[in-house]
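Here's a quick tour of one chain, written for someone who likes to know the cut-offs behind the words. Take a look at the model first.

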Amino acid sequence: MTGKSDQWLQLPEIAKMFGLSEESIKRLAKTQVFPLRRLTPYATPGVLESELVSWLKAQPRVGAPVRAKRTVRSKHSIGKR
């Protein structure tokens with residue numbers, strides 16, 4: 001992040017961003033899968049935006065591409081079946 005200060009994202013914002021419940025995010029953090037922490041013992045859990053971006057980039061891609069490669073047909077083979 002060039003020239004910008006890191007923004008602290010709180011648990012409700014993160015849950016909304018990922019389309020999950022706050023409890024789901026907490027569960028992921030407990031299993032060390034999600035980078036969630038507290039600044040003080042009584043603070044709302046959250047994460048710095050730069051930490052979240054780094055964590056997302058480090059995650060493996062899962063599954064096949066959404067759209068398979070298109071096959072290109074020649075003009076001459078369209079009517080022949």
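What follows goes from the overall fold to one helix, then to the salt bridges and a surface patch.

## Ground rules

This is a predicted model, where local features need pLDDT of at least 70, side-chain atom pairs count only at pLDDT 80 or more, and totals for chains, interfaces and linings use all residues. Residues are numbered from 1 along each chain as its sequence is written, and side-chain values use heavy atoms, with hydrogens and water left out.

## The overall picture

The chain has three helices and two strands, laid out along the sequence as β-α-α-β-α. Those elements are DSSP runs numbered from the N terminus: H or I of at least four residues for helices, E of at least two for strands.

Of the 81 residues, 17% are buried. Here buried means under 20% relative accessible area, exposed means over 50%, and partly exposed is in between (1.4 Å probe, protein chains only). The chain exposes about 7200 Å², with carbon and sulfur atoms supplying 55% of that; the areas come from the Shrake-Rupley method with a 1.4 Å probe, and for residues only the protein chains shown count as cover. Taking contacts (heavy atoms within 4.5 Å) between residues at least 6 apart in sequence, 49% join residues at least 24 apart.

Helix α2 (residues 22-30) buries Ser 24, Ile 25 and Ala 29. They sit on the same side of α2, because they cover an arc of only 140 degrees around the axis, going by the directions from the helix axis to the C-beta atoms. The cover over these buried residues includes α1. Arg 27 and Lys 30, on the other side of α2, are exposed. Just after α2, Gln 32 takes a positive phi of about 65 degrees.

## Two salt bridges

The count is two salt bridges, each needing a side-chain nitrogen of Lys or Arg within 4 Å of a carboxyl oxygen of Asp or Glu. One joins Lys 26 and Glu 23 at 3.6 Å, N to O. Both lie in α2, three residues apart, about one turn of the helix.

The other pairs Glu 51 with Arg 37, their closest N and O atoms being 2.9 Å apart. This pair links distant parts of the chain, 14 residues apart: Glu 51 is in helix α3 (residues 49-58), Arg 37 in the loop between α2 and β2 (46-48). Glu 51 is partly exposed because its relative accessibility is 29%; Arg 37, at 34%, also counts as partly exposed.

## A nonpolar patch

Met 17, Phe 18, Leu 20, Leu 28, Val 33 and Leu 56 make a nonpolar surface patch of about 480 Å². Patches take residues with over 30% relative accessible area and no salt bridge, joining like charges within 9 Å and nonpolar side chains (Val, Leu, Ile, Met, Phe, Trp, Tyr) within 5 Å. Met 17 belongs to helix α1 (residues 11-18).
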